[in-house]
Amino acid sequence: MNIIRNIEEFRKEREKANKKVGFVPTMGALHEGHLSLIKKAKEENDFVIVSIFVNPTQFLKNEDFSKYPKKEAADIEICRLAGVDILFLPDANEIYQKDEPKVIAPNIRGFILEGFHRPEHFDGVLTVVLKLLNLAKANNAYFGKKDAQQLILITQMAKNFFIDTNIIPCDTVREKSGLALSSRNVYLNQDEKTKALSLSKSLYKAVSMIQAGDLNTKNIIKEMEKILCEVEIDYAAITDRELNDIEKIELKNTVILVAARVGTTRLIDNMWI
Ligand code: AMP
């Protein structure tokens with residue numbers, strides 16, 4: 001595995017890989033969720049690039065940028081064992097210059113839900129993803145459904161900006177308890193971890209209501225909110241896969257999204273129906 005921190009070296013090595021390339025961008029502190037993306041990339045491509053970059057521009061001023069978990073040595077080992085070809089570990093000075101252009105998230109979809117609670121977060125996400133996609137020039141890039149709104153906006157950006165990389169959605173990996181794996185779960189103590197389960201429980205409740213034939217989104221959200229009463233809920237919402245509000249569940253075209261704070265940790269989860 002080639003570990004590269006410098007853009008010029010990255011470009012040189014990338015040019016040598018005259019094969020089908022899969023790309024997995026991450027912020028590190030890798031877990032089984034990330035690994036599932038890397039495995040899928042390995043299966044579907046001949047050459048796999050993983051990037052680890054904690055992107056400063058997607059964090060708001062009051063957020064956890066400076067304490068975001070860093071586990072570089074373990075991450076390198078995980079990537080090596082997974083058969084990654086290039087692990088790209090740039091620092092912020094490689095990625096950003098002073099006073100440069102940036103991507104602005106779409107007016108509506110970029111500023112509702114996560115974008116409402118984290119204004120300009122998606123400007124930072126889309127900007128860094130555009131930079132990384134341009135560098136990696138991959139055939140396929142892998143993103144988790146766990147970050148549903150992010151995945152939807154990146155898919156839209158790739159289409160609107162005519163980016164020559166397929167954006168591949170990947171299923172959410174969970175603990176047996178139902179808790180979605182996240183690098184931020186390390187912030188949770190035992191009591192908070194128990195409370196955090198109400199996010200996935202509320203989603204499973206929604207699924208069971210839908211299976212029982214209740215497709216009314218207001219009813220479903222009301223029941224979800226009862227389960228979410230133990231945490232500080234930011235939103236429980238049901239949208240179609242373009243993030244428009246809907247009154248009735250549309251099978252294969254719906255996302256159910258929740259975000260809540262548990263202690264000082266903010267968690268998100270969702271279910272694609
Ligand atoms: P992050 O390092 O949190 O920026 O995540 C990097 C990529 O891994 C993103 O595309 C995430 O959506 C994806 N990801 C994070 N957690 C999970 C999970 N539990 N299951 C599947 N993919 C995930």
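This is a predicted model: local features need pLDDT of at least 70, side-chain atom pairs count only at pLDDT 80 or more; totals for chains, interfaces and linings use all residues.

User: Ok, and how many residues surround the ligand, and which are the closest?

Analyst: The ligand is surrounded by 16 residues, and the closest are Met 27, Gly 144, Asp 147, Val 173 and Leu 181. Sorted by class, that shell holds seven nonpolar, six polar and three charged residues.

User: What lies 2.6 Å from an oxygen atom of the ligand?

Analyst: That is a polar side-chain atom of Asp 147. Gly 144 also has an atom by an oxygen of the ligand, but here a backbone N or O atom lies 2.9 Å from the oxygen atom. For Val 173, a backbone N or O atom lies 2.9 Å from a nitrogen atom of the ligand. Taken on its own, the ligand has 490 Å² of accessible area, and the protein covers 92% of that.

User: Which pocket is the space taken by the ligand?

Analyst: The ligand takes up the space of the largest pocket. The elements that give two or more residues to the shell around the ligand are β2, α2 and β5.

User: How much space lies in the largest pocket, and which residues are closest to its centre?

Analyst: The largest pocket contains about 1200 Å³ of space. It is lined by 49 residues, and those closest to its centre are Met 27, Tyr 68, Arg 118, Asp 147 and Arg 184. Several elements give two or more residues to this lining, among them β2 (21-26), α2 (32-44), β5 (140-144) and α7 (148-160).

User: Which element gives the largest share of that lining?

Analyst: That is α6, which supplies six residues to the lining of the largest pocket. By class, the lining of the largest pocket is made up of 20 nonpolar, 17 polar and 12 charged residues.

User: Switching topic: what about the second largest pocket?

Analyst: The second largest pocket has about 320 Å³ of space. Its lining is formed by 18 residues, and Ile 52, Phe 53, Val 54, Lys 70 and Glu 72 lie nearest its centre.

User: And how does the lining of that second largest pocket divide by class?

Analyst: The lining of the second largest pocket consists of 10 nonpolar, two polar and six charged residues.

Notes. Residues are numbered from 1 along each chain as its sequence is written. Side-chain values use heavy atoms; hydrogens and water are left out. On a 1 Å grid over the protein atoms alone, a cavity is a set of points where a 1.4 Å probe fits but cannot get out, and a pocket is an open set with protein on both sides within 12 Å along at least five of seven lines; lining residues have an atom within 4 Å of a point. Grid points are joined across faces, edges and corners, and a volume is the space filled by probe spheres set on the points. Helices (H or I, at least four residues) and strands (E, at least two) are DSSP runs, numbered from the N terminus. Ala, Val, Leu, Ile, Met, Phe, Trp, Tyr, Cys and Pro count as nonpolar, Asp, Glu, Lys and Arg as charged, and the others, Gly among them, as polar. A residue is near a molecule or strand if one of its heavy atoms lies within 4 Å of it. A polar contact is a pair of N or O atoms within 3.5 Å; within protein, one must be able to donate a hydrogen and the other to accept it, and residues adjacent in sequence count only if both atoms are side-chain atoms. Accessible areas come from the Shrake-Rupley method with a 1.4 Å probe; for residues, only the protein chains shown count as cover. A molecule sits in a cavity or pocket if more than half of its atoms lie within 2 Å of its grid points.
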